Amino acid sequence: MGCLYNMLNKEQVIKVVKSLNLPKDKYVITSGSAMVIHGLRKETNDVDITVNKELFEYYENKGYYVKYHKINENRSCVLIDLTEDIQLIKVEEIPKEYVVYIDGIPTQTIEHLLEFKIGLNRDKDQKDISVLKKHLNIDEV
């Protein structure tokens, strides 16, 4: 099964997020979706939304299946596939310093996005890490 939207550009990511009508203080757009909203990547194949515990439990109580996903040796997460290409990732709370509003959408800051991608450190994150460092004028070592 392919993605519902195939590859999503900034306008499409924003449209998808706004269509969910989520409470703005309970979520933040993260990962590749945040890269697209910031204009640092042209498109993404899914929309990753980090949600606080309360919003996650709302969807869990509606009957959505909760998955435990191992990201790498040191990290894992709890998530719900809202659709084929929209994932809700659970955190206890979303620190306000990690959020910037772009076109009305709470989006992970570039600095936190870099920290997040470095923490994941998967092969597929390496290009994003390089782009983020270049954007922030951080020299590659």
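Let's start with a definition: a residue is called buried under 20% relative accessible area, exposed over 50%, and partly exposed in between, using a 1.4 Å probe and protein chains only. Hi everyone! The model is predicted, so local features need pLDDT of at least 70 and side-chain atom pairs count only at pLDDT 80 or more, while totals for chains, interfaces and linings use all residues. Residues are numbered from 1 along each chain as its sequence is written, and side-chain values use heavy atoms, leaving out hydrogens and water.

Now, salt bridges. By that I mean a side-chain nitrogen of Lys or Arg within 4 Å of a carboxyl oxygen of Asp or Glu. The structure has 8 of them.

Take Asp81 and Lys67, whose closest N and O atoms are 2.6 Å apart. Asp81 sits in strand E4 and Lys67 in strand E3, 14 residues apart; strands here are DSSP runs of E with at least two residues, helices are runs of H or I with at least four, and both are numbered from the N terminus. How accessible is Lys67? At 29% relative accessibility, Lys67 is partly exposed, and Asp81, at 30%, is partly exposed too.

Next, look at Arg41 and Asp128. Their closest N and O atoms are 2.4 Å apart, and the pair links distant parts of the chain, 87 residues apart. Is Asp128 buried or exposed? Asp128 is buried, at 5%, whereas Arg41 is partly exposed, at 26%. Both belong to a network of salt bridges that also includes Lys117, Arg122 and Asp125.

Finally, Glu54 pairs with Lys26 at 3.3 Å between the closest N and O atoms. Lys26 counts as buried, at 17%.
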